[in-house]
Amino acid sequence: DPFLMLDEFYSDDPDDYLAGFPSHPHRGFETVTYMLDGHMQHQDSGGNTGDLGPGDVQWMTAARGIIHSEMPQQSEGRMRGFQLWLNLPAKEKMKPAAYSDVPSAAIPVVHLGQGVSVKVIAGTLEHGEKKTAGPIQGIGTDPRYFDVHLDARAVFEGTVPAGHNAFLYAYEGEAAIGDDRKALAHRAAGLLSDGDTVRIEAGEKGARVLLLSGKPIREPIVQYGPFVMNTREEIERAVNDYQSGAFAKEQ
Ligand code: FE
């Protein structure tokens, strides 16, 4: 809470990704796509189109409804990245949909010295006396989305807002977390315990770690496929609205 899902897609085999994600709906939450390698094109019922290449981010607030497709624009090579599902509180689930493309060049990279750099995708990174704001701000759950790159044995020390939930995902290498150096294996996710600091120490081969935190919503979650609402009745309404074509009309 407030993160519903983090999916890593990673393949060098076109048979895995050529089918893409043809037209499908979402309601009740936000999807955040962060490309590392490859090229995807987005189109949606709001008339938005977006090209996602390496390092680009797409922040889509599905809210009351959007229908979109995410299709690969390559027939060979590597397709790699992440899709995060970020929940919305009940009072925002039925607000109008919104969409923003964030090109790689608009995402600040903060070099903290000694083999540590951080891409600040959402929220604000505090480092020493300084602050670096990412391009995505002003979201109710106050998400921070940082991509932390560490050389071998390098250490990142950062803050997490009090009361927020936070987790890590080591997508390259492995790391030791906290003063007690708990192991975070390659491709493992780790939920941080309560506290307001985080320490990440890379292993022998260095590491790349996503650090995500956000304010918990603390509401019931009812999910059905691409819809995430608070009650079963709201899910039934989402299915009915989609089948009757109301999603596309709402844009
Ligand atoms: Fe989707």
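**Sheets, rings, cores and a metal**

Mentor: Let's start with an open sheet made of five antiparallel strands, ordered S1-S8-S3-S6-S9. Keep in mind that this is a predicted model, where local features need pLDDT of at least 70, side-chain atom pairs count only at pLDDT 80 or more, and totals for chains, interfaces and linings use all residues. Residues are numbered from 1 along each chain as its sequence is written, and side-chain values use heavy atoms, with hydrogens and water left out.

Trainee: What makes something a strand, and what makes two of them a pair?

Mentor: Strands (E, at least two residues) are DSSP runs, numbered from the N terminus. Two strands pair if DSSP finds at least two bridges between them. S1 and S8 are joined by eight bridges and run antiparallel, so they pass that test. S3 and S8 also have eight bridges, again in the antiparallel sense.

Trainee: Which residues face each other across those bridges to S8?

Mentor: Methionine 5 has tryptophan 85 as its bridge partner in S8. Phenylalanine 3 stands opposite leucine 86, and aspartate 37 stands opposite arginine 80.

Trainee: What about the rings? Why is the pair of tyrosine 34 and tyrosine 145 called edge-to-face?

Mentor: There are eight aromatic pairs in the structure, and tyrosine 34 with tyrosine 145 is one of them, at 6.0 Å centre to centre and 90° between the planes. Rings of Phe, Tyr and Trp (its six-membered ring) pair if their centres lie within 6.5 Å; planes under 30 degrees apart count as stacked, over 60 as edge-to-face and the rest as tilted. Tyrosine 34 lies in strand S3 (residues 29-37) and tyrosine 145 in strand S14 (residues 144-150), so the pair ties together parts 111 residues apart in sequence. Both tyrosines are buried.

Trainee: And how do you know that phenylalanine 82 and tyrosine 171 are edge-to-face too?

Mentor: Their ring centres are 5.2 Å apart and their planes are at 70°, so this pair is edge-to-face. Phenylalanine 82 sits in strand S8 (residues 79-87) and tyrosine 171 in strand S16 (residues 165-177), 89 residues apart. Phenylalanine 82 and tyrosine 171 are buried. Tyr34, Phe82, Tyr145, Tyr169 and Tyr171 form one aromatic cluster.

Trainee: What makes a set of residues a nonpolar core?

Mentor: A nonpolar core is a set of buried Ala, Val, Leu, Ile, Met, Phe, Trp, Tyr and Cys residues joined through side-chain atoms within 4.5 Å. The largest one has 23 residues, with Leu150, Phe156, Ile200 and Val209 having the most contacts inside it. Strand S11 (116-122), S14, S16 and strand S19 (197-214) each supply at least two of its residues. S19 gives the largest share, six residues.

Trainee: Which residues does phenylalanine 156 contact, leaving aside neighbours within four places in sequence?

Mentor: Contact means heavy atoms within 4.5 Å. The partners of phenylalanine 156 include Leu112, Val148, Arg199 and Leu211.

Trainee: Last one: what makes His24, His26 and His68 donors of the iron ion?

Mentor: Donors are N, O and S atoms within 2.8 Å of the metal (3.2 Å for Na, K and Ca); water is not among the atoms, so sites may look incomplete. The NE2 atoms of His24, His26 and His68 lie 2.1 to 2.2 Å from the iron ion, so they count as donors. Their spacing in sequence is H-x1-H-x41-H. Histidine 24 and histidine 26 are buried, and histidine 26 has isoleucine 66 as its bridge partner in S7.

How values were computed:
Helices (H or I, at least four residues) and strands (E, at least two) are DSSP runs, numbered from the N terminus. Buried means under 20% relative accessible area, exposed over 50%, partly exposed in between (1.4 Å probe, protein chains only).
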